[in-house]
Amino acid sequence: MTGNQPPGPVGKIDPEKLTIVPLRHPWRWVAVALVLVSVAAMVRSAISNPEFQWPIVAQHLFNPLILNGLWQTILITVVVMILATLGGTIAALMMLSPSKLLSVPAAVFVWFFRGTPALVQLIIWYNLSIVVKDFTLWLPGLGTLYSVSTNDVMTPVVSAIVALSLHESGYMAEIVRSGLRSVNKGQYEASACLGMKPSLALRRIVLPQAMRMIIPPTGNETINLLKTTSLVSIIAVGDLLYSAQSIYARTFETIPLLLVVSFWYLAVVSIMSVGQFYLERNFSRDEHRSNPGITKAILGNLTKIGRKEALA
Amino acid sequence: MTAPHTHHDRFGIASTTMVHAKGIRKSYGHLEVLKGVDLTVPSGSVACIIGPSGSGKSTFLRCINHLEEINGGLMLVDGDFVGYRLDGNKLYELSPNAICQRRADIGMVFQQFNLFPHMTVLENLVEAPVRVKREPVAQATAKAIELLQRVGLAEKRDAYPRQLSGGQQQRVAIARALAMNPKVLLFDEPTSALDPELVGEVLEVMKSLAREGITMVVVTHEIGFAREVADQLVFMDGGVVVESGNPREMIANPKSPRTREFLARVL
């Protein structure tokens, strides 16, 4: 395009010899350089600063107390997630019911448990015995059949599971509801015209399609929940954070132990992300002709810098 | 499945009548969409319903299998109510499960195909016979493959719906409806969502079904198809049947000016 090119014969271009010069992205490389420099600086400080006490991190990484706490954290996450998925699905189906008597209570449930902080709910359930002294099964004519003190039932772990399950149910209800609503009305009609009962249509036709919308946010919720469980340390449940706190309360190795905690949270979150990847792929079988493995999917994204994504 | 009660005699209808609609009314709020529609479709015949959009023809079709509840009139499919149980002089509303059981005998093909996108073609065809009619999987599969051959898509059995063209999807949808051995097949503008060059393949399949003597009620804009295949042509406008009769005579010599005007526009 500049004037000092040798003037070729006008109108004599061989179309076979035309080449495309790709657009350059100089500022993208500047940004990459800046990122690399800051990463290098952080890594250097982490290695050279003795206050990180890496040897102590290594020493506590597989401490039985820490591993026991990790187990508690995973257990609470799994149990809460199962209960919240059940509760959330029931609440979602109620919210979608044409009957106001079902949809309004479900909406109020979601409003309440999603609208108050998890920490507050946790403390309330832990202190339930202040309001309710005993759980009693009483039937008219038969009198008291069974009675148990609230403090015996609402142990820290049970309070934690009840509180977090209810809190999480509120979120899951919204996720399931939007997933169910994303399925085309024609799918309900087609199943009805094939003689499928509503429950069968829900199980075989609607839910599998809704799952595609439900799984990604549910994966996020599970990861969120895993970290939210660290709140239970304040009601003395021996989770990962509580175990670390109980160690550094004695040894004052605060930062190394919190690094241990971070390591384990990150490790579990990473494993969960891999699981989520395969779960999502399983529910969108019809969308991919060739399903890339997870390594290929991640590497494929990393090498996309400087290239335009080709639309398959 | 329980033996269906037929009330042909009690309502004085010929026992060969598949669909009997008398004075069907349907409103949405204050808007009356159907203002007393009559239609009788004998077993083994084809009825085509034409008319401008908004004339109520699709709504009427959806009333036949109780996808829409009617507000008045008498609708009998093979001499029985789809959404109610007759006992003495009372109609008892049926549960959704019971209605679905009766709907299994009434096939429907939609404008938007409504195939199940998460299932392969074969799975689409096998699902309802196995889960609703409790047919053995092997038997249902064999029948499904036979039906796919009939609509010319045997080689697509393992494809997913979105990998098929619109015409192919609609042929699969027809095969899926046939897999339930329905007594009557309802078509709701089956070619309206298709590219013009794909309309022919779907109409061919429908013509072959008509030749085999399957009872069909077809809402369509394809006047040529109606003239060739229909035993009875129905022109609806403004929620009423304006004119009905032999398709050739009606198309050549429409009696009502509204029919004449409509045909002049679409032919």
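Is Glu146(B) counted as buried or exposed, and at what relative accessibility?

**View 1. Glu146(B) in its helix.** In this predicted model, Glu146(B) counts as exposed because its relative accessibility is 52%, where exposed means over 50% relative accessible area, buried under 20% and partly exposed in between (1.4 Å probe, protein chains only). Glu146(B) lies in helix H4 (residues 137-150) of chain B, helices being DSSP runs of H or I with at least four residues and strands runs of E with at least two, numbered from the N terminus. Val218(B) is 72 residues away along the chain, and its C-alpha atom is separated from that of Glu146(B) by 24 Å.

**View 2. The interface of chain B and chain A.** Contact (heavy atoms within 4.5 Å) joins 26 residues of chain B to 24 residues of chain A. The two chains bury about 2300 Å² between them, 60% of it on carbon and sulfur atoms; buried area is the accessible area (1.4 Å probe) lost on putting two parts together, summed over both. Phe116(B), His118(B) and Arg131(B) supply 24% of the area that chain B buries against chain A, more than any other three residues.

**View 3. A salt bridge across the interface.** Glu189(A) forms a salt bridge with Arg62(B), with the closest N and O atoms 2.6 Å apart, the rule being a side-chain nitrogen of Lys or Arg within 4 Å of a carboxyl oxygen of Asp or Glu. Across this interface the rule finds two salt bridges.

Residues are numbered from 1 along each chain as its sequence is written, and chains are lettered from A and ligands numbered from 1 in the order in which they are written. In this predicted model local features need pLDDT of at least 70, side-chain atom pairs count only at pLDDT 80 or more, and totals for chains, interfaces and linings use all residues, while side-chain values use heavy atoms, leaving out hydrogens and water.
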